[in-house]
Every structure is written in structure tokens, then in C-alpha cells.
Amino acid sequence: MDKNIKMSILLDIYGKLLTEKQYNLLNDYYNNDFSQSEIAENEKITRQAVRDNLKKGENNLLEYEENLKIMEKNLISQNKINSALKDIENLKNKVSDKDIKKSLQTIEDKLKN
């Protein structure tokens with residue numbers, strides 16, 4: 001997984017555990033696509049201070065994930081749901097009974113939501 005995407009997901013999951021400053025800097029960097037220089041200018045701090053805060057925040061997010069594994073569990077669950085949706089689609093194509101197809105469609109709709 002791309003680092004930027006991973007950090008953005010981790011920030012969504014664990015962002016409230018960071019300091020407000022770390023959260024804001026990481027959010028600007030990963031979600032708002034600001035450069036470190038732009039963040040430094042906006043926050044009136046040095047680019048090195050931005051870099052240090054980003055690294056510390058990233059390390060905190062990675063540590064939270066290492067211990068809690070929420071993102072990993074979510075990805076595993078999503079893969080299982082996707083697999084079940086494929087199985088349902090295959091079953092719908094194989095059966096001819098309208099009631100069974102309707103039941104499969106109901107299950108598919110629930111899994112998608």
C-alpha cells in the first residue's frame with residue numbers, strides 16, 4: 001500500500017490520539033496535499049519543525065496500528081466481504097429460482113451497506 005494512502009487511513013483511525021498540532025500537520029500533509037514548506041509558512045514554524053512533527057506523528061500512528069491492528073482487521077474484513085459478494089454474484093448467475101435470487105440480492109445489498 002502506498003505510504004500516503006496508508007498514513008491517511010491511519011490518521012482517520014487514530015488521529016484523535018495525536019496532539020492537535022500533530023494531527024493538523026499530518027492532515028495538511030497527507031489529506032490536503034500541502035508541502036512541508038507550505039505548512040511551515042502557514043504555521044509560522046521552520047520546515048525542520050514540520051518535518052520533525054510529521055515524523056513523530058507518523059511513528060505514533062504506526063505504533064498505534066502495530067498494537068491495535070484496527071486498519072489490518074478492517075482490510076481483512078473488507079476482503080472477506082468482497083469475496084462473499086463475488087460468491088453471491090456467482091450463485092445468482094447459476095440459480096433460476098426467483099425467490100432464491102431475491103434472497104441473494106437482499107444479502108448482497110446488506111453486505112454492500
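The model is predicted, so local features need pLDDT of at least 70 and side-chain atom pairs count only at pLDDT 80 or more, while totals for chains, interfaces and linings use all residues. Residues are numbered from 1 along each chain as its sequence is written, and side-chain values use heavy atoms, with hydrogens and water left out.

**Helix packing**

Helices and strands are DSSP runs, numbered from the N terminus (helices H or I, at least four residues; strands E, at least two). Helix α3 spans residues 36-43 and helix α4 spans residues 47-68. They pack at an angle of about 110°, with axes 8 Å apart. Axes are lines fitted to C-alpha atoms, for helices over the stretch in contact, and angles run from 0 to 180 degrees between N-to-C directions. α3 and α4 are therefore roughly perpendicular. The classes are: under 35 degrees roughly parallel, over 145 roughly antiparallel, 65 to 115 roughly perpendicular, and the rest oblique.

Contact means heavy atoms within 4.5 Å. On the α3 side, Gln36, Ser37, Ile39 and Ala40 take part; on the α4 side, Arg47, Val50, Arg51 and Leu54. By class, this contact has 4 nonpolar, 2 polar and 2 charged residues. Here Ala, Val, Leu, Ile, Met, Phe, Trp, Tyr, Cys and Pro count as nonpolar, Asp, Glu, Lys and Arg as charged, and the others, Gly among them, as polar.

**Salt bridges**

Side chains of opposite charge can pair when their charged atoms come close. The whole structure holds 5 salt bridges. The criterion is a side-chain nitrogen of Lys or Arg within 4 Å of a carboxyl oxygen of Asp or Glu. The table gives examples.

| Pair | N to O distance |
|---|---|
| Glu58 and Lys3 | 3.6 Å |
| Glu89 and Lys92 | 3.6 Å |
| Glu108 and Lys112 | 3.6 Å |

The bridge between Glu58 and Lys3 links distant parts of the chain: Glu58 sits in helix α4 and Lys3 in helix α1 (residues 3-14), 55 residues apart. Glu58 is buried at 6%. Lys3 is partly exposed at 42%.

Glu89 and Lys92 are 3 residues apart in helix α5 (residues 70-94), so about one helical turn separates them. Glu89 is partly exposed at 32%.

Glu108 and Lys112 lie 4 residues apart in helix α6 (residues 98-112), again about one turn. Glu108 is buried at 5%, whereas Lys112 is exposed at 55%. Shared partners join Glu89, Lys92, Glu108 and Lys112 into one network of salt bridges.

**Lys92**

Which residues does Lys92 contact, leaving aside its neighbours within four places in sequence? They are Lys101, Leu104, Gln105 and Glu108. Lys92 is buried, at 14% relative accessible area. Its side chain makes polar contacts with the side chains of Gln105 (2.5 Å) and Glu108 (2.6 Å). A polar contact is a pair of N or O atoms within 3.5 Å; within protein, one must be able to donate a hydrogen and the other to accept it, and residues adjacent in sequence count only if both atoms are side-chain atoms.

**Positive phi**

Asp33 has a phi near 60°, a positive value in a residue other than glycine. Asp33 lies in the loop between α2 (20-31) and α3 and is exposed at 67%. Lys69, also not a glycine, has a positive phi of about 55°. Lys69 lies in the loop between α4 and α5 and is partly exposed at 34%.

Key:
Buried means under 20% relative accessible area, exposed over 50%, partly exposed in between (1.4 Å probe, protein chains only).
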